[in-house]
Amino acid sequence: MGTAQHTHDQYDSGHTHGHGHGHGDHEHSHGVVDPSIASSERGLWAVKWSGILLLAISVVELAVVAMSHSTALLADMIHNFGDFATVVPLWVAFALMRREPGRGFSFGYGRVEDLAGVLVVAVLFMNALFAGYETISRIVNPQPIGHLAIVAIASIVSFVGNESVAIIRIKVGREIASAALIADGHHARADAWTALAVLAGATGVYLGFPIADPIAGVVI
């Protein structure tokens with residue numbers, strides 16, 4: 001009897017512990033999912049609005065390039081369009097992170113963000129190659145540049161816009177601990193300062209050095 005009672009007590013104790021642990025895991029699981037969804041919402045917000053800013057900058061620059069034929073502004077425009085394209089993999093990553101774990105992905109979709117970071121780098125690299133090709137072709141076949149004041153203003157608009165994108169992405173990236181978003185924010189900040197090369201090129205042309213504009217394009 002004593003042995004049976006002892007065994008029964010062990011069973012009850014094990015059962016109680018198992019139920020409590022299972023319940024704890026259940027509660028913990030919900031605790032992980034909810035903040036993840038909230039974080040993804042913040043990530044989507046940051047990606048969406050920074051993408052809209054980059055697209056707006058690119059459209060403005062496209063109009064100015066059409067009237068001015070500035071090589072430097074063309075390079076910056078291509079770069080900004082490429083940065084806008086990086087919104088797609090980041091958006092997909094954050095959207096997938098909102099999904100609950102399934103049979104095929106029992107640990108969730110959090111690692112998708114790592115793949116998004118790789119795609120962002122690939123897009124930026126291809127964009128840099130394209131911008132470099134267009135810049136070199138403009139050097140080989142130069143075109144007169146006009147509307148220098150408007151080109152200078154477009155350069156400042158690009159600087160302010162990219163810096164705004166950097167602030168949004170870095171701030172939200174730190175809030176949700178997103179390495180990809182933070183990295184893209186630092187890249188946008190570098191682009192903001194790079195955009196000022198357009199202003200330097202326009203200034204050089206104004207001072208009588210037409211080659212300054214395509215050189216600025218090479219720098220970008």
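1. Of the 220 residues of the protein, 36% count as buried, where buried means under 20% relative accessible area, exposed over 50% and partly exposed in between, with a 1.4 Å probe and protein chains only. This is a predicted model, in which local features need pLDDT of at least 70 and side-chain atom pairs count only at pLDDT 80 or more, while totals for chains, interfaces and linings use all residues. Residues are numbered from 1 along each chain as its sequence is written, and side-chain values use heavy atoms, with hydrogens and water left out.

2. The secondary structure comprises seven helices and zero strands, taken as DSSP runs numbered from the N terminus (helices being H or I of at least four residues, strands E of at least two). Among contacts between residues at least 6 apart in sequence, 75% join residues at least 24 apart, a contact being heavy atoms within 4.5 Å.

3. Helix α2 (residues 71-85) and helix α5 (residues 148-176) have axes that come within 11 Å and cross at roughly 25 degrees; these axes are lines fitted to C-alpha atoms over the stretch in contact, with angles running from 0 to 180 degrees between N-to-C directions. The two helices are therefore roughly parallel to each other, since angles under 35 degrees count as such, over 145 as roughly antiparallel, 65 to 115 as roughly perpendicular and the rest as oblique. On the α2 side the contact is made by Leu 73, Asp 76, Asn 80 and Asp 83, and on the α5 side by Ala 154, Ser 158 and Asn 162. These residues divide into two nonpolar, three polar and two charged, with Ala, Val, Leu, Ile, Met, Phe, Trp, Tyr, Cys and Pro counted as nonpolar, Asp, Glu, Lys and Arg as charged, and the others, Gly among them, as polar.

4. Val 64, found in helix α1 (residues 2-68), counts as buried because its relative accessibility is 7%. Residues up to four places away in sequence aside, Val 64 touches His 69, Leu 73, Ile 150, Val 151 and Ala 154.

5. Arg 169 lies in helix α5 and is buried, with a relative accessible area of 1%. Its side chain makes a polar contact with the side chain of Asp 184 at 2.2 Å (a pair of N or O atoms within 3.5 Å; within protein, one must be able to donate a hydrogen and the other to accept it, and residues adjacent in sequence count only if both atoms are side-chain atoms). Beyond its neighbours within four places in sequence, Arg 169 is in contact with residues including Ser 50, Leu 54, Thr 86 and Leu 181.
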